[in-house]
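Biologist: Hi! I'm new to this one, could you walk me through it?
Modeller: Happy to, let's bring it up first.

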Amino acid sequence: MGISIDWLAFVQVFVAALLGAVLVVGSYALGLRLLVRAGRAPVVGPAEFTDAITVMTDKQRARAAKAALKAAKRSPLSAGQRRAALVGAYAAFGVCALAVLAGLLLIIVGH
């Protein structure tokens, strides 16, 4: 009794996983980049853990928020270009969400 491996199916799964990962990560990165270009840089304060290596103080958080506002004001884009970048960012996040949902549907329904 020998073990038989369907190499074509293995390659298909590998290529699908690779393309899915590139699509999800690439669209999310593009969405973040466009969000920053639109002047809406996400400033997220870190969670406060007892064993955290670095915890930002309120002063550091305020300084980061101020730097984000200053960067948004320095944007060389016009208002229309910023609006287009914002729409593009939301579209990229939508593509990312759809790719994740498609992968889940393939796992749940397509088995």
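Predicted model: local features only at pLDDT ≥ 70, side-chain atom pairs only at ≥ 80, totals over all residues.

Biologist: Which residues of H1 are buried?
Modeller: Ser27, Gly31 and Leu35 are the buried residues of H1. Buried means under 20% relative accessible area, exposed means over 50%, and partly exposed is in between, using a 1.4 Å probe and protein chains only.

Biologist: Thanks! What do the buried residues of H1 pack against?
Modeller: They pack against H3. In turn, the buried residues of H3 pack against H1; those H3 residues are Ala85, Leu86, Ala89, Ala92, Cys96 and Ala99.

Biologist: And at what angle do H1 and H3 pack?
Modeller: The angle is about 160°, and the axes are 8 Å apart. Axes here are lines fitted to C-alpha atoms, for helices over the stretch in contact, and angles run from 0 to 180 degrees between N-to-C directions. H1 and H3 are therefore roughly antiparallel to each other, a label for angles over 145 degrees, while under 35 counts as roughly parallel, 65 to 115 as roughly perpendicular and the rest as oblique.

Biologist: Which residues of H3 does H1 meet there?
Modeller: The H3 side includes Arg82, Ala85, Gly88, Phe93 and Val100, and the H1 side includes Leu23, Tyr28, Leu32 and Arg37. Contact means heavy atoms within 4.5 Å.

Biologist: Zooming in, what does alanine 89 touch?
Modeller: Not counting residues up to four places away in sequence, alanine 89 touches Gly31, Leu34 and Leu35.

Biologist: Which residues make up the largest nonpolar core?
Modeller: Five residues do: Leu35, Ala38, Ala85, Leu86 and Ala89. Helix H3 (residues 79-108) gives the largest share, three residues. A nonpolar core is a set of buried Ala, Val, Leu, Ile, Met, Phe, Trp, Tyr and Cys residues joined through side-chain atoms within 4.5 Å.

Biologist: Let's switch to helix length. How far apart are the end C-alpha atoms of H1?
Modeller: They are 44 Å apart, which agrees with the 45 Å that the 31 residues of H1 (residues 7-37) should span at 1.5 Å a residue. The expected span is 1.5 Å times one less than the number of residues. H3, with 30 residues, reaches 43 Å from its first C-alpha to its last, close to the expected 44 Å.

Biologist: What follows H1?
Modeller: Glycine 39 does, and its phi is positive, near 90°.

Biologist: How about glutamine 81, how far is it from arginine 37?
Modeller: Glutamine 81 and arginine 37 are 9.0 Å apart, C-alpha to C-alpha, although 44 residues separate them in sequence. Glutamine 81 lies in helix H3 and is partly exposed, with a relative accessible area of 42%.

Biologist: Last one: how many helices and strands does the protein have?
Modeller: Three helices and zero strands. Of its 111 residues, 13% count as buried. Among contacts with a separation of 6 or more, 69% come from residues 24 or more positions apart.

Key:
Residues numbered from 1 in each chain as written. Heavy atoms only, no water. Helix = DSSP H or I, 4+ residues; strand = E, 2+ residues; numbered from the N terminus.
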